[in-house]
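This briefing goes through the fold, the helix packing and the surface of the structure shown below. Please keep the sequence and the model side by side while reading.

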Amino acid sequence: MRARPLALFLAFLGIVFAAFVEYGTTRASDVDRSFALFVFEAGPWALLLVLALLTPFTRTLMIMAFILLALDLYAYFTVFVVSNAQSSAVI
């Protein structure tokens, strides 16, 4: 079944994206980068990675990974690319 490798790839991609958001984006000088915040951001992706390895529901996990990645990309785009308002980081 091809759903398992795709679910694993998307989970790994989500962890890489969480690392990019935490460590690769530009920040103000008074904002610290935090490993604990990275673990919090990557937690759902790590859980999805473990579940994709251990459960037979890989097709459902693959669909959920697509949805989660789309929401993460939307949040990143809203906060870092087109941040028009001061409250854009609330997302």
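L6 is partly exposed, with a relative accessible area of 32%, where buried stands for under 20%, exposed for over 50% and partly exposed for the range in between, with a 1.4 Å probe and protein chains only. The model is a predicted one, in which local features need pLDDT of at least 70 and side-chain atom pairs count only at pLDDT 80 or more, whereas totals for chains, interfaces and linings use all residues. Residues are numbered from 1 along each chain as its sequence is written, and side-chain values use heavy atoms, with hydrogens and water left out.

**Surface patch**

- L6 is found in helix 1, and together with F9, L13 and F66 it makes a nonpolar surface patch of about 350 Å².
- Such a patch consists of residues with over 30% relative accessible area and no salt bridge, with like charges joined within 9 Å and nonpolar side chains (Val, Leu, Ile, Met, Phe, Trp, Tyr) within 5 Å; a salt bridge is a side-chain nitrogen of Lys or Arg within 4 Å of a carboxyl oxygen of Asp or Glu.
- The accessible areas come from the Shrake-Rupley method with a 1.4 Å probe, and for residues only the protein chains shown count as cover.
- Helix 1 gives the most to this nonpolar patch, with three residues.
- F9 also belongs to helix 1, and its relative accessibility of 48% makes F9 partly exposed.

**Overall fold**

- The protein chain has three helices and zero strands, and its elements run α-α-α from the N terminus on; helices (H or I, at least four residues) and strands (E, at least two) are DSSP runs numbered from the N terminus.
- Of the 91 residues in the protein chain, 27% are buried.

**Packing of helix 1 and helix 2**

- Helix 1 (residues 3-24) packs against helix 2 (residues 35-54) at an angle of about 175 degrees, and the two axes are 9 Å apart; axes are lines fitted to C-alpha atoms, for helices over the stretch in contact, and angles run from 0 to 180 degrees between N-to-C directions.
- Helix 1 and helix 2 are therefore roughly antiparallel, a label that applies to angles over 145 degrees.
- By class, the contact of helix 1 with helix 2 has 21 nonpolar, one polar and three charged residues.

**Residue pairs across the sequence**

- F9 and A52 are 43 residues apart in sequence, and their C-alpha atoms are 9.9 Å apart in space.
- E22 lies in helix 1 and counts as buried at 0% relative accessibility, while its C-alpha atom is separated by 9.6 Å from that of D32, ten residues apart along the chain.

Conventions. Angles under 35 degrees count as roughly parallel, over 145 as roughly antiparallel, 65 to 115 as roughly perpendicular and the rest as oblique. Ala, Val, Leu, Ile, Met, Phe, Trp, Tyr, Cys and Pro count as nonpolar, Asp, Glu, Lys and Arg as charged, and the others, Gly among them, as polar.
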